[in-house]
Amino acid sequence: MSFGSPLFILAIIAMSTIGWAFTTWVRARHGYPVENEWSGVAHRTDPDAGRKIDLLVCENEKLTGRISRLEDRIAVLERIATDPATRTAREIDALR
């Protein structure tokens with residue numbers, strides 16, 4: 001088969017098309033954006049994306065509240081650990 005024969009040219013076109021199809025299939029399967037024939041990008045859409053975002057926002061607010069409460073508790077523990085014993089004893093006696 002010579003390099004100028006029509007069979008050779010058709011083989012190159014076939015290999016290019018198969019390679020393009022395989023690359024597109026792999027990209028689509030793994031969630032990467034797929035380019036269309038006009039250099040635009042077709043993104044994969046998820047119908048539950050809005051619901052997932054709302055759930056994540058709710059969970060984020062809950063965790064932020066937990067962290068702030070834990071920071072307050074740590075501040076109290078640090079104050080107890082670093083204050084002199086006499087001052088802590090006085091404050092405990094004042095609470096009784």
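Let me start with helix H1. At 1.5 Å a residue, its 24 residues should span 34 Å, and the C-alpha atoms at its ends are 34 Å apart, so the two values agree.

H1 covers residues 6-29. After the helix comes Gly31, which has a positive phi, near 85 degrees.

Now the chain as a whole. It holds three helices and two strands. In sequence order the pattern is α-β-β-α-α. There are 96 residues in the chain, and buried ones make up 4% of them.

How far can we trust the coordinates? The average pLDDT over the chain is 84, and 86% of the residues score at least 70. Where is confidence lowest, and where is it highest? The lowest mean, 66, belongs to strand E2, residues 41-42. The highest, 91, belongs to helix H2, residues 49-82. As a rule, where pLDDT is low, predicted coordinates should not be read in detail.

Together with Leu10 and Ile13, Ile9 makes a nonpolar surface patch of about 280 Å². Ile9 has a relative accessible area of 42%, so Ile9 counts as partly exposed.

The partners are Phe22 and Trp25, with ring centres 6.0 Å apart and planes at 35 degrees, so the pair is tilted. Why tilted and not stacked? Stacked would need planes under 30 degrees apart, and edge-to-face over 60; at 35 degrees, the planes of Phe22 and Trp25 give a tilted pair.

How are the two placed along the helix? Phe22 and Trp25 are three residues apart in H1, so about one helical turn separates them. As for exposure, Phe22 has a relative accessibility of 51% and counts as exposed. Trp25, at 47%, counts as partly exposed. The cut-off for exposed is over 50%, which is why Phe22 at 51% gets that label, while Trp25 at 47% is called partly exposed.

Next, charges. In general, side chains of opposite charge can pair when their charged atoms come close. How many salt bridges does a search of the whole structure find? The search finds two.

One joins Glu91 to Arg87, with the closest N and O atoms 3.4 Å apart. Both residues lie in helix H3, residues 85-95, and they are four residues apart, about one turn of the helix. Glu91 has 34% relative accessibility and counts as partly exposed. Arg87 also counts as partly exposed, at 37%.

The other is between the side chains of Asp93 and Arg96, at 3.8 Å from N to O. Are these two partners buried, partly exposed or exposed? Asp93 is partly exposed, with a relative accessible area of 48%. Arg96 is exposed, at 78%.

Conventions:
Residues are numbered from 1 along each chain as its sequence is written. This is a predicted model: local features need pLDDT of at least 70, side-chain atom pairs count only at pLDDT 80 or more; totals for chains, interfaces and linings use all residues. Side-chain values use heavy atoms; hydrogens and water are left out. Rings of Phe, Tyr and Trp (its six-membered ring) pair if their centres lie within 6.5 Å; planes under 30 degrees apart count as stacked, over 60 as edge-to-face and the rest as tilted. Buried means under 20% relative accessible area, exposed over 50%, partly exposed in between (1.4 Å probe, protein chains only). The expected span of a helix is 1.5 Å times one less than its number of residues. A salt bridge is a side-chain nitrogen of Lys or Arg within 4 Å of a carboxyl oxygen of Asp or Glu. Patches are made of residues with over 30% relative accessible area and no salt bridge: like charges are joined within 9 Å, nonpolar side chains (Val, Leu, Ile, Met, Phe, Trp, Tyr) within 5 Å. Accessible areas come from the Shrake-Rupley method with a 1.4 Å probe; for residues, only the protein chains shown count as cover. pLDDT is the predictor's confidence in each residue, from 0 to 100.
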